[in-house]
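Please read this short report with the model open beside it.

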Amino acid sequence: MNIALCAFLLLPVIVTAGLAGVPWVTDRHEVFGVTVPAAAHVNTRIRGFKVAFSGITVALGVCAILVSLAVWQLCGVDAAFWTVSIAAVAIAICGFVLQQMFRRKVLSIKVDQGWEASSARRAALIGERDNPDPMSLKWELLQVVCLAVTIAVGLLGYDRMPERVPIHADIAGNVNGWAEKSPMVIWYARARAGGAGSGDGGQPCRDHLRQAPD
């Protein structure tokens with residue numbers, strides 16, 4: 001049994017678990033990014049949306065793992081590594097699409113029910129100069145370009161990649177971390193790039209400070 005592949009199979013599991021749990025761990029005044037009364041979570045339709053989202057996401061994750069295992073048996077380890085990588089990306093994309101779909105449904109219910117914030121919490125900043133507005137979420141799209149280039153370089157240069165790849169260096173520039181050649185090396189660079197550039201984009205925080213239900 002290939003231990004590295006078994007460990008790599010945890011990637012779609014982690015992505016699936018993270019996405020499926022989002023509707024259940026968010027703030028009680030929020031459903032799929034829509035501000036709602038706390039009592040909305042017991043609404044039959046909204047609860048059904050949460051169950052459906054989690055169920056579809058888990059089903060996608062299970063299918064991804066089963067397909068990856070089948071490819072492993074039929075085509076070998078290398079093909080299975082690529083299958084797991086593609087499956088993890090596909091699950092993340094599908095999760096985003098599902099979130100947007102259910103977000104629109106919740107917004108429709110919010111309008112029909114006439115839900116509005118009954119109060120607001122505000123924050124004030126004191127300083128000599130005006131506080132600059134946070135950057136728009138649209139700037140976060142630049143990360144997509146950077147990550148896409150990182151993955152593309154890894155894919156195009158995979159055949160010319162050495163069998164041992166440096167993945168870390170100390171402050172003096174001496175390599176002190178190595179990894180065996182595998183698709184995981186490409187994902188390592190993508191994960192580091194994504195982690196370094198992650199953020200809330202500013203705009204949601206500004207909206208949250210402007211008005212948030214108690």
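L69 is partly exposed, at a relative accessible area of 32%. Buried here means under 20% relative accessible area, exposed means over 50%, and partly exposed lies in between (1.4 Å probe, protein chains only). L69 belongs to helix α3. Together with V58, V62 and L66, L69 makes a nonpolar surface patch of about 320 Å². Patches are made of residues with over 30% relative accessible area and no salt bridge; like charges are joined within 9 Å, and nonpolar side chains (Val, Leu, Ile, Met, Phe, Trp, Tyr) within 5 Å. A salt bridge is a side-chain nitrogen of Lys or Arg within 4 Å of a carboxyl oxygen of Asp or Glu. Accessible areas come from the Shrake-Rupley method with a 1.4 Å probe, and for residues only the protein chains shown count as cover.

This is a predicted model: local features need pLDDT of at least 70, side-chain atom pairs count only at pLDDT 80 or more, and totals for chains, interfaces and linings use all residues. Residues are numbered from 1 along each chain as its sequence is written, and side-chain values use heavy atoms, with hydrogens and water left out.

**Overall layout**

The protein has 7 helices and 4 strands. From the N terminus, the order of elements is α-α-β-β-α-α-α-β-β-α-α. Helices (H or I, at least four residues) and strands (E, at least two) are DSSP runs, numbered from the N terminus. Of the 214 residues in the protein, 27% are buried.

**Two helices by length**

How do the helix spans compare with expectation? The expected span is 1.5 Å times one less than the number of residues.

| Helix | Residues in helix | End-to-end C-alpha span | Expected span |
|---|---|---|---|
| α2 | 16 residues | 21 Å | 22 Å |

Helix α2 covers residues 10-25, and its span is close to the expected one. Its buried residues include P12, T16, L19, A20 and P23. G114 follows α4 and has a positive phi, near 70°.

**The aromatic cluster**

Now to the rings. The structure holds 4 aromatic pairs. Rings of Phe, Tyr and Trp (its six-membered ring) pair if their centres lie within 6.5 Å; planes under 30 degrees apart count as stacked, over 60 as edge-to-face and the rest as tilted. F32 and F102 form a stacked pair, with 5.5 Å from centre to centre and 20° between the planes. F32 sits in the loop between β1 (30-31) and β2 (34-35), and F102 in helix α4 (residues 77-113), so this pair ties together parts that are 70 residues apart in sequence. F32 is buried, with a relative accessible area of 12%. F102 is buried as well, at 5%.

What kind of pair do F53 and F102 form? Their ring centres are 6.3 Å apart and their planes stand at 85°, so the pair is edge-to-face. This pair also links distant parts of the chain: F53 is in helix α3 (residues 44-75) and F102 in helix α4, 49 residues apart. Both F53 and F102 are buried. One aromatic cluster takes in F32, F49, F53 and F102.

F32 has another feature. Its phi is positive, about 50°, although F32 is not a glycine.

Strands β3 (residues 164-169) and β4 (residues 175-180) pair in the antiparallel sense over 5 bridges. Two strands pair if DSSP finds at least two bridges between them. Which residues are bridge partners? R164 has E180 in β4 as its partner. H168 has G177 in β4. The hairpin has 5 residues between its strands, and G173 takes a positive phi near 90°.

P162 lies in the loop between α5 (141-156) and β3. P162 is partly exposed, with a relative accessible area of 46%. P162 and K181 are 19 residues apart along the chain, and their C-alpha atoms are separated by 6.8 Å.

**An exposed loop residue**

Is E116 buried or exposed? At 73% relative accessibility, E116 counts as exposed. E116 is in the loop between α4 and α5. E116 and T35 are 81 residues apart in sequence, and 8.6 Å apart in space from C-alpha to C-alpha.
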